[in-house]
Amino acid sequence: MLSVLTRLSGIAMLSGTLISPSVQAQQLELEKCFVDGIKSQVLCGSLEVPENRAEPISEQNKIDVNVVVLPKFKEESKTVPVIFLAGGPGQAATELAGMMDGRLEKVRREHDIIFVDQRGTGKSNAIMCDKPFVEPLSFDDSQLDVKAEIEACLADNTGHHLPSYNSIEHIKDLEAVRAALGHEQLHVFGGSYGTRAGFTYLQQFPESVKTAVLDSNAPMQLVIGFFGKTSERAFDMLVEDCKNTESCHKAFPNLKQDYLDFAERLKKGPIKVDMFHPLTGKPVEFVMTDSKVIESLRGLLYSLGTRSMLPYAINRAASGDYRMIAALIGQQADSERQPGQLYNGLTLNILCNEDIPRAMPSDIKKDGDNYFNGNNTFEQFSSACEHWPKFEVESGFNEPLKTDVPVLLFSGLYDPVTPPEYGDMAMETLENAKHVVIKQASHVASFNQCIDPISEFVKTGSFDGLDFSCADQERQRMFFVDMNQIK
């Protein structure tokens, strides 16, 4: 994969249900198929849409938008389907179908669940910037020629009309799929950037959305790319939790100072040590740069499971033992794409035009005033965006969303990138919405932890009588305190 884009990515079902041989729905024909992670047959197809909607569709101006439908278990059910919007920007939704199948099993009992690869991802004319595999441990990102890397990426994608790969055109594709499948409305589910896509769907085609469930929110007015203050907040909460957990506090009584000492050492220049690769067992020189290591540590804050390893990793690194850090960074030993991995060309095409240009100098300075990662993440985006092509964003796109469509928002209290305040920001202009903060969760946790009230909300479109006790459940805080046990 393209090295500069690799660096950026560090930042961050069918039971016995019968499936008809094929389903003809206007232009979109679905056929039985298998997808990774689901043992039973589902339905697959593609819908031809113009790449540039200002021009007539033709062989040179079209995208075959990839669609996967997980059919509802109750065939007799007449309920409105659910469409799942993936994150990123840059994830391919169909690649997440296997992972989401189990989490949405209760919803799928009565609702078809639709996955559509956003244009520029997956099998929807992906903007690929993949290059020969770059070994993550020995890779020295401080030596990157960002301009050359971006130019090489663009040279590999000259056949794309880049101004047409944006959030609004994505939603127009979804609307075309909805119409082609013959549905009057959809329930919208989205997580992370999928919430921005969900808000955009509500902005562009509110009449097509029956309800929306959005988790880890990026409201329209938010500039995506500021991860300094939010990361510091999440790390402060980790330090406090460790302090209040006897085993963690006993093992790591100076966790914050350990982090500050290690971070200060990294700021002086790359740390290089010889070791054995944690996956291959082969000798390797582990090159630790400030940006590579801190972004990897920040990524662990995205889930409570990986978060539990941070105190140990930081404590050992502060003591000069970098094996845990190497194990965390060196988890990939080949170039095979993983489900959910970003199509980084699409990521940059959207962020470099829809978000980063809106960042004000005062906001950049404010976000960079933190001890955890400073301006590191924003600078990585902005340095790449400096060389990425620009296009005009539709007027009014980033205005706060006003709608009376029922919208259920979730946030994870420990989220390091879309904290609860972003859900509150969206609530300021939503007219028929509820915001639920899950106390023991980080990023996009509701589909795991609160699927019961979500299922009820989709049935009724109302918040009345919904039981959100799932958001208040206490879980025992546990941490890795050595290589053998979690306490």
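This is a predicted model: local features need pLDDT of at least 70, side-chain atom pairs count only at pLDDT 80 or more; totals for chains, interfaces and linings use all residues.
**Entry 1: a disulfide towards the end of the chain**

I started with C450 and C470, which are joined by a disulfide with the sulfurs 2.1 Å apart; the word stands for a pair of cysteine sulfur atoms within 2.5 Å. The pair links distant parts of the chain, 20 residues apart: C450 is in the loop between α18 (446-449) and α19 (451-460), and C470 is in the loop between α19 and β13 (480-482). I took the helices (H or I, at least four residues) and strands (E, at least two) as DSSP runs, numbered from the N terminus. The link of C450 and C470 is right-handed, with 110 degrees about the S-S bond. Both C450 and C470 are buried, a label for under 20% relative accessible area, while exposed is over 50% and partly exposed is in between (1.4 Å probe, protein chains only).

Residues are numbered from 1 along each chain as its sequence is written, and side-chain values use heavy atoms, with hydrogens and water left out.

**Entry 2: the other disulfides**

How many disulfides does the count come to? It comes to five. With the bonded cysteines numbered in sequence order, I get the pairing 1-2, 3-4, 5-6, 7-8, 9-10.

I looked up C352 and C385 next, and a disulfide joins them with S to S at 2.0 Å. C352 lies in helix α14 (residues 344-355) and C385 in helix α16 (residues 376-385), so this pair ties together parts that are 33 residues apart in sequence. The link of C352 and C385 is left-handed, with -75 degrees about the S-S bond. C352 counts as buried at 1% relative accessibility, and C385 does too at 5%.

Then I checked C129 and C153, a disulfide with the sulfur atoms 1.9 Å apart. Why does this pair tie together parts 24 residues apart in sequence? Because C129 lies in the loop between β6 and α4 (146-155), while C153 lies in helix α4. C129 and C153 are both buried.

**Entry 3: strand β5 and its neighbours**

I moved on to strand β5 (residues 82-85). V82 and F84 point one way from β5, I83 and L85 point the other way, and all are buried. Which strands run parallel to β5? Strand β6 (residues 113-116) does, joined by three bridges, and so does strand β7 (residues 186-191), joined by four; I call two strands paired if DSSP finds at least two bridges between them. I83 has I114 as its bridge partner in β6, and F84 has F189 in β7.

P89 is in the loop between β5 and α2 (97-103).

**Entry 4: the largest cavity**

What lines the largest cavity? I listed I83, F84, L85, A86, Q91, A93, V116, Q118, H170 and L174. β5 gives the largest share of that lining, three residues, and both β5 and α5 (167-180) supply at least two residues each. On a 1 Å grid over the protein atoms alone, a cavity is a set of points where a 1.4 Å probe fits but cannot get out, and lining residues have an atom within 4 Å of a point.

**Entry 5: the annotated C-terminal stretch**

I looked up the record too: an unreviewed UniProt entry has the annotation "domain: Peptidase S33 tripeptidyl aminopeptidase-like C-terminal" on residues 374-470. Such annotations may be inferred rather than shown by experiment. The span is 33% helix and 12% strand, and its end C-alpha atoms lie 35 Å apart.

Strands β11 (residues 407-412) and β12 (residues 433-438) pair in the parallel sense over six bridges.

Is helix α12 (residues 310-318) largely enclosed or open? I found it largely enclosed by the rest of the structure, because eight of its nine residues are buried. Among them are Y312 and N315. G320 follows α12 and has a positive phi, near 90 degrees.

N125 isn't a glycine, yet its phi is positive, near 55 degrees. N125 is in the loop between β6 and α4, and it's partly exposed at 32% relative accessible area. V444 also has a positive phi, near 50 degrees. V444 sits in the loop between β12 and α18, and counts as partly exposed at 22%.

Methods. On a 1 Å grid over the protein atoms alone, a cavity is a set of points where a 1.4 Å probe fits but cannot get out, and a pocket is an open set with protein on both sides within 12 Å along at least five of seven lines; lining residues have an atom within 4 Å of a point.
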